[in-house]
Amino acid sequence: MADFLPYGRQMIDDEDIAAVCDVLRGDFLTSGPAIAGFETALSQVFGDPHVVASANGTTALHLSMLALGVGPGDVCIVPTVTFLATANAARYVGADVVFSDVCPDTGVMRAQDLEEALQRAAGRNVKAVLPVHLGGHVAPMEQLAAIVAAVPQDQAPAIVEDACHALGSRYKTSEGEFTVGDCRHSTMANFSFHPVKTIACGEGGATSTRDPDLAKALAELRSHGMVREAGRFQNKDLGFDGDEANPWFYEMPTIGYNFRITDMQAALGASQLKKLPDFVAKRQALVSHYNERLWDCGPLIEPNAALAGSIPAQHLYAARIDFEAAGRSRRQVIATLREAGIGTQVHYIPVHTQPYYRDLYGKVELPGADQFYARTLSLPLFPGMEPGDVDRVVEALKNAVGVNS
């Protein structure tokens, strides 16, 4: 039987292993120079914003909320089709979530979805909007930024991108073409380096921003809120010996967390980042092959939907399947594919339907999300695949759904 094809898988080579081994042989396993090197490399990919690496994508989102001062009494707008972490980051700091609807084909928050969510949040302090680049498809950042810019300046929310799927993605605007992470249309962007993402650190995350004060806050908050700058010491008696600052001294003016990434993870990430163009090109070629093979499978199966202006470094390939018309449940299709050695996944269960949020906010009607969720199925997509693997997946999917049967 052919090897099992998961929906996602890391691609690690000898150079990656050597990079981690170099750290293991060195002096720093954590809080060392590999972290700064990884942050610099990411900044160069994004277009030279400030970058702060952290333990994972969830911590990156959490740090963003902390750095912005989001808290009780504030509201964050989050598209409901996302991983739990996007909404949970707001709840971690005591803010409320207003869920937006999404495009029924792409699962991405549109301009009209943000406008409708802002209307539902009218009269409340909307502190942040968190567009999600689902599967690598970039949300319409220029349009979203224009909506936020129309809000009175003293009430305008920050735009915080959940770009955990979108490392290497680009997008076109009336001003030109930009890389996700550049933060030309947002305050911050957050990334994940989980093994199934575009590059892998094992676990790892990062936040980019063009605001140096926010970058400084992010870096402090990821390490317990500690500061070591003598000019900021408040406890002069303990902090100084005469006019000289005590070299061991630190203070905690605000509470933070241990959200640090290790040098081992950073070294792996920096090595993987060198291969980012190849990883992106391979993913895009596989997506094109999927699209070619699935274009005539309608109406039961439709290819992954495209998004105007988005040039995705695609993390997920989300086929759209009419399970009802096929007379086969999604569970049955997934089981049939698994018997054929093919793994799939569903991205995502709309977060507003989760018991925690349903109990907190009641039932919310978001029909675009319902339509997207009812049809979506993520097929295998990772750089280690070949066109023949796509052919195998498509033929098994057609059989599972009953196309041409």
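This is a predicted model: local features need pLDDT of at least 70, side-chain atom pairs count only at pLDDT 80 or more; totals for chains, interfaces and linings use all residues.
Residues are numbered from 1 along each chain as its sequence is written. Local features need pLDDT of at least 70, side-chain atom pairs count only at pLDDT 80 or more, totals for chains, interfaces and linings use all residues, and side-chain values use heavy atoms, with hydrogens and water left out.

Helix α2 (residues 33–46) and helix α9 (residues 263–273) have axes that come within 8 Å and cross at roughly 30 degrees, and the two are therefore roughly parallel to each other, a label for angles under 35 degrees. The crossing of α2 with α9 is left-handed, meaning that the near helix is turned anticlockwise from the far one by less than a right angle. In contact (heavy atoms within 4.5 Å) are P33, A34, I35, F38, A41, L42 and V45 of α2 with D263, A266, A267, G269, A270 and L273 of α9. By class, these residues comprise 11 nonpolar, one polar and one charged, with Gly counted among the polar ones.

The axes of helix α5 (residues 111–120) and helix α6 (residues 141–149) come within 9 Å, again crossing at roughly 30 degrees, which makes α5 roughly parallel to α6. Here the crossing is right-handed, and A111, L114, E115 and L118 of α5 meet Q143, L144 and I147 of α6, a set of five nonpolar residues, one polar and one charged.

Turning to the cysteines, the whole structure holds zero disulfides (pairs of cysteine sulfur atoms within 2.5 Å). The sulfur of C183 has its closest cysteine sulfur in C164, 13 Å away, which is too far for a bond. C183 counts as buried because its relative accessibility is 6%, and C297 is buried at 2%, where buried means under 20% relative accessible area with a 1.4 Å probe and protein chains only.

Conventions: Axes are lines fitted to C-alpha atoms, for helices over the stretch in contact, and angles run from 0 to 180 degrees between N-to-C directions. Helices (H or I, at least four residues) and strands (E, at least two) are DSSP runs, numbered from the N terminus. Angles under 35 degrees count as roughly parallel, over 145 as roughly antiparallel, 65 to 115 as roughly perpendicular and the rest as oblique. Buried means under 20% relative accessible area, exposed over 50%, partly exposed in between (1.4 Å probe, protein chains only).
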